[in-house]
Amino acid sequence: PIPVCALAVSDERPVSTQSTWVKGRGLNMNVGFLVFLMDVIRSLDQKIRRSNERLNEKEDESEEVLTTDDVLTSVQKDRLREIKEEIDRKNIKMESCGDEGRVAEAQALLKEVEKLKLEGSQLQEQAKLVLRNTTYERPLQTCKICGALVDRVDPSRTLNHESGRTHQGFLQVREKAAELEETLEKKKKRLRVLRRGRETAE
């Protein structure tokens with residue numbers, strides 16, 4: 001990754017410490033630094049395009065995407081169905097108890113329902129863990145900022161990636177390049193206005 005410290009170069013530093021300055025036309029811009037950043041971005045975008053092409057080829061070969069249902073055992077699937085049926089039955093009974101004023105019984109049923117829901121959630125989490133660690137090639141996508149391959153299924157992995165140094169470094173490269181381009185364009189516009197003013201005066 002490009003060191004983030006490289007982005008700290010100021011437009012106000014002396015000419016001797018900058019790459020190339022446009023002078024004599026009202027422009028005070030480190031063009032060399034902008035060109036360097038644009039070369040980095042261009043090279044990175046080419047890498048991203050090639051990565052996307054490879055991923056698209058793999059998707060054409062196989063559209064299969066594993067889900068938690070694919071990694072659950074038959075015993076776990078049966079238990080999840082039982083849990084759902086038990087919860088439905090207890091909910092109906094709990095409503096009946098509430099209508100008849102049997103508060104204590106309704107509260108006991110509620111605790112049982114919560115316990116069943118917890119068991120179901122734990123089974124699902126176990127399946128997700130197996131899915132994360134499976135040797136199956138997980139569906140990926142290329143990060144548009146830094147070119148890294150990120151998980152297309154698990155959002156938590158994407159968030160971890162976006163907070164990483166490589167992603168943040170290239171994000172700052174892109175932002176700095178955009179900032180320099182905008183500044184240069186504004187100065188060019190001011191220069192054109194000044195020139196038109198001089199030509200009108202003459």
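In the predicted model, Glu82 forms a salt bridge with Arg79, and the closest N and O atoms of this pair are 3.2 Å apart. Both residues lie in helix 3 (residues 74–99), where they are 3 residues apart, about one turn of the helix. Glu82 is partly exposed, with a relative accessible area of 38%, and Arg79 is likewise partly exposed, at 22%. The pair also belongs to a network of salt bridges that links Arg79, Glu82, Glu86 and Glu119.

The count of salt bridges comes to 14, among them one between Arg174 and Asp45, whose closest N and O atoms are 2.8 Å apart. This pair links distant parts of the chain, since Arg174 is in helix 6 (residues 165–201) and Asp45 is in helix 1, 129 residues apart. Asp45 is partly exposed, with a relative accessible area of 24%. Within helix 6, Lys176 and Glu179 are 3 residues apart and so are separated by about one helical turn; they form a salt bridge with the closest N and O atoms 3.6 Å apart. Lys176 counts as buried because its relative accessibility is 12%, whereas Glu179 is partly exposed, at 40%.

A positive surface patch is formed by Lys47, Arg49, Arg50 and Arg54. Of these residues, Arg50 is placed in helix 1 (residues 31–61) and counts as partly exposed because its relative accessibility is 43%.

In helix 5 (residues 155–162) lies His161, which counts as buried at 18% relative accessibility. Leaving aside residues up to four places away in sequence, His161 touches Cys143, Cys146, Ala148, Val150 and His167.

Key:
Residues are numbered from 1 along each chain as its sequence is written. This is a predicted model: local features need pLDDT of at least 70, side-chain atom pairs count only at pLDDT 80 or more; totals for chains, interfaces and linings use all residues. Side-chain values use heavy atoms; hydrogens and water are left out. Patches are made of residues with over 30% relative accessible area and no salt bridge: like charges are joined within 9 Å, nonpolar side chains (Val, Leu, Ile, Met, Phe, Trp, Tyr) within 5 Å. Accessible areas come from the Shrake-Rupley method with a 1.4 Å probe; for residues, only the protein chains shown count as cover. A salt bridge is a side-chain nitrogen of Lys or Arg within 4 Å of a carboxyl oxygen of Asp or Glu. Lys and Arg count as positive and Asp and Glu as negative; His and the chain ends are not counted. The place of a charge is taken as NZ of Lys, CZ of Arg, CG of Asp or CD of Glu. Helices (H or I, at least four residues) and strands (E, at least two) are DSSP runs, numbered from the N terminus. Buried means under 20% relative accessible area, exposed over 50%, partly exposed in between (1.4 Å probe, protein chains only). Contact means heavy atoms within 4.5 Å.
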